[in-house]
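User: I am learning to read protein models, and I would like to go through one slowly with you. Could you show me how to approach salt bridges and sheets?

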Amino acid sequence: MKSIVLLLLLGASAFAEKPRIIFDTDITGDVDDVLALTMCHTLADRGACEFLGVTISKDNPLTASFVDAQNTFYGRPDLPIGVTRDAAAQKRPSSYLKLAHSPDYPHDLKKNEDACEAVDLLRELLAKQPDGSVSIISVGIASNMANLLKSKADAHSPLDGPALIRKKVKMLSIMAGAFAFCNRTNYHLEANVINGIGFMQTVAKEWPEEVTVYWSGYEIGEALPFPRASIAQDFGYMPHHIVKEAYLLHSGPAHDRPCWDESSVLQAVFPERGFFGLSDAGRVSVGADGFTKFTPPGKDAKGGKRDRFLTMTSVQQARALEAIVQTTVQPPKK
Ligand SMILES: [Ca+2]
């Protein structure tokens, strides 16, 4: 009997440790969001995480429809989707969202107006989860994260944004900024920051000190080029594949698109597997021009220890890239 109780306890704790992920994306311009969303599905399929929902941080009338089409393709037609309705969120054209209109990718959510509002969905999802269990993966501008921080008590929770995050969120795994020499400069102004500087400043200033933030800088994805050979050869198990078609519409067949957003998924689901190295704990600040500055805590430990940025050795680079490729090409479970 005792052993049964112990097994139940062990089972419960193992289950509690499985990351519950929310994917916050600016799926419009770049295609790495599409590959990263696929990883959320395939990692959930193999039981590595529980996938709670998707929130969209940029403005394009086809975002929710495309995400629903991709979710349906991967066997999750009813996965909750929230879209930003913040007028300050960047509007962005897309080369691939039009796949939402294709008869090859059936789905039922056709208009952003019929999707939830992103922060309302974030608050609803967070309020329902066990304390300290949610890993948020944010791979676009920070409109939804900033607006979550500004949110007040509502029907979902009596807690304001920071208190709700403190209670429910285990980590924020964010693709933003630059923390090393990259793109031929040591002062790279990264797109997810400069396309919404105020939002990222709010996150850097107001995100609760107790909730770890892993920053995947531009240099990480830049060093993880998704192989064009995989696009050409690995998706033939379906006559029409939404990931392959989106990739080709965006990048064409002769480009190895960097895996910026995918790196943040890998870190969120497998934070202890050593796919990446980590900086010391410190504090990231966002300047008026959008530059992300990392400051280690002083000897008196002032300045905070909330933030770590990802690093990568050549061995880690090879492991992380292959893990990303294999989880991206994995067929849908159903
Ligand atoms: Ca993105």
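This is a predicted model: local features need pLDDT of at least 70, side-chain atom pairs count only at pLDDT 80 or more; totals for chains, interfaces and linings use all residues.

User: What is a salt bridge, and how many salt bridges does a search of the whole structure find?

Analyst: A salt bridge is a side-chain nitrogen of Lys or Arg within 4 Å of a carboxyl oxygen of Asp or Glu, and searching the whole structure gives 14 of them. One of these joins glutamate 124 to lysine 128, with 3.2 Å between the closest N and O atoms. Helices here are DSSP runs of H or I with at least four residues, and strands are runs of E with at least two, numbered from the N terminus. Because the two residues are 4 apart in helix H4 (residues 118-128), about one helical turn separates them.

User: Which parts does the salt bridge between aspartate 131 and lysine 167 tie together?

Analyst: The closest N and O atoms of aspartate 131 and lysine 167 are 3.1 Å apart. Aspartate 131 lies in the loop between H4 and strand E5 (134-138), and lysine 167 lies in helix H6 (residues 161-168), so the pair ties together parts that are 36 residues apart in sequence. Aspartate 131 is partly exposed, with a relative accessible area of 46%, and lysine 167 is also partly exposed, at 38%.

User: How should I read the sheet, and in what order do its strands come?

Analyst: Strands of a sheet pair through backbone hydrogen bonds, either parallel or antiparallel. Two strands count as paired if DSSP finds at least two bridges between them. In this model, 9 strands form an open sheet in the order E4-E3-E2-E1-E5-E6-E7-E11-E8, with mixed pairing. Its edge strands, E4 (116-117) and E8 (277-278), each pair on one side only. Strands E1 (residues 20-25) and E2 (residues 50-56) run parallel and are joined by 6 bridges, and threonine 25 has isoleucine 56 in E2 as its bridge partner.

Note on methods:
Residues are numbered from 1 along each chain as its sequence is written. Side-chain values use heavy atoms; hydrogens and water are left out. Buried means under 20% relative accessible area, exposed over 50%, partly exposed in between (1.4 Å probe, protein chains only).
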